[in-house]
Amino acid sequence: ETLCNQIAAGEVVERPAAVVKELVENSLDAEAGRIVISLERGGRSEVCVVDDGVGMDADDALLALERHATSKITSVSDLQAVRSLGFRGEALPSIAAVSRFDLMTRERDAVAGTRIRVEGGVIRSVEETGCPAGTSITVRDLFFNVPARRKFLRSVNTEWAHILDLVLRLALAYPDVHLQVHHQGRCTHDFPKATSLVERAGQVLGHDTARSLIPVRSEKAGVHVEGLLGPPTLQRANTKGIFLYVNRRAVKDRVLQHALLSAYDTLIPKGRYPSCILFVSVPPELVDVNVHPTKREVRFRRPSQVVETVRGSVSETLSQALQ
Ligand code: ADP
Ligand code: MG
């Protein structure tokens with residue numbers, strides 16, 4: 001069991017940012033209104049995620065640490081139309097297998113909470129505890145028991161940069177969730193609940209940038225496109241200003257990025273890139289997000305339809321706005 005989880009861990013957890021991603025996505029699935037992420041040494045020493053979501057009772061908390069225990073899928077047809085962020089039920093056991101793991105959780109109307117401590121996949125203690133409603137998970141000393149993997153962790157700054165990239169992407173996708181990040185005891189980012197994407201974009205990218213963004217929204221043949229487009233003047237030398245999502249999941253998709261860039265083609269010189277936040281939604285059965293648990297890839301059933309809709313709506317919106 002433990003070995004099996006360690007192997008699975010290699011798939012799910014490659015670095016601290018992957019831990020943050022799995023924990024925060026669970027908090028979002030648990031309908032959290034506020035999520036606080038605290039890190040020590042770029043997450044190498046500690047990742048802690050606290051949410052005010054629905055929490056778990058003692059049985060569910062124990063079950064959550066068993067492989068393939070997901071509360072989110074009950075049938076094969078669910079698997080074909082995945083809507084929640086988690087669906088494999090292997091994140092928590094995988095993380096707990098390669099760290100010192102401490103879970104505290106309480107359901108909103110329960111009197112007492114549950115605390116479970118796991119070390120390298122071995123449950124050390126299960127106890128009743130007083131704690132706030134919601135769930136708090138602390139992951140210390142990632143890969144302490146897998147030296148071969150620990151060796152591959154990068155510098156504090158590199159791991160921190162990966163986490164920050166992830167958090168900004170999540171923040172833009174969930175404007176109505178209060179997100180807070182602490183690094184080495186200092187609050188580095190605070191994104192209070194926003195009522196619109198523009199407001200959240202202001203918090204994340206700066207208010208001047210947000211004010212210059214051009215709203216886009218269109219729908220064609222079941223492909224829905226919505227977001228904010230940077231004016232051509234907001235160009236930069238890298239793709240760091242491009243935030244792409246498919247069904248609200250951040251993706252790194254060449255096809256989609258190419259569609260976007262081709263819409264800016266005549267507006268921005270070669271080697272320069274636009275800024276934009278773009279949410280593409282397609283019916284879940286037309287996209288395969290089950291490609292890999294950590295890589296942000298997707299596979300569309302009908303890529304050309306997606307490309308055409310994205311390119312069409314972006315270039316139409318730009319040409320209207322820039323008239
Ligand atoms: P998955 O998200 O794929 O279902 P995970 O291993 O990430 O699998 O989580 C296992 C289960 O633990 C979830 O299905 C959920 O029921 C429960 N869980 C995990 N994190 C939280 C949380 N923050 N709040 C409430 N329940 C949670
Ligand atoms: Mg999950």
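This is a short tour of a predicted model, with stops at helix α7, its contact with helix α8, and residue L28 in helix α2.

**Helix α7.** Select residues 156-173, which make up helix α7. The helix has 18 residues, and at 1.5 Å a residue it should span 26 Å. Now colour the buried residues of α7: E159, W160, H162, I163, V167, R169, L170, A171 and L172. While looking along the helix, keep in mind that an α-helix has 3.6 residues a turn, so residues three or four places apart point the same way.

**α7 against α8.** The crossing of α7 past α8 is right-handed. Show side chains for the residues that make the contact: L168, A171 and L172 on α7, with R200, A201 and V204 on α8. Of these contact residues, five are nonpolar, one is charged and none is polar. A171 and L172 are also among the buried residues of α7.

**L28 in α2.** Move to helix α2, residues 16-29, and select L28. Is L28 buried or exposed? L28 is buried, because 21 other C-beta atoms lie within 10 Å; the cut-off for buried is 20 or more. Finally, select D51 and draw a distance between its C-alpha atom and that of L28: the separation is 8.6 Å, although L28 and D51 are 23 residues apart along the chain.

Note on methods: Residues numbered from 1 in each chain as written. Chains lettered and ligands numbered in written order. Predicted model: local features only at pLDDT ≥ 70, side-chain atom pairs only at ≥ 80, totals over all residues. Helix = DSSP H or I, 4+ residues; strand = E, 2+ residues; numbered from the N terminus. Expected span 1.5 Å × (residues − 1). Buried ≥ 20, exposed ≤ 12 C-beta atoms within 10 Å, placed from the backbone. Axes fitted to C-alpha atoms, helices over the stretch in contact; angles between N-to-C directions. Left-handed = near helix turned anticlockwise from the far one by under 90°. Contact = placed C-beta atoms within 7 Å. Nonpolar A, V, L, I, M, F, W, Y, C, P; charged D, E, K, R; others polar.
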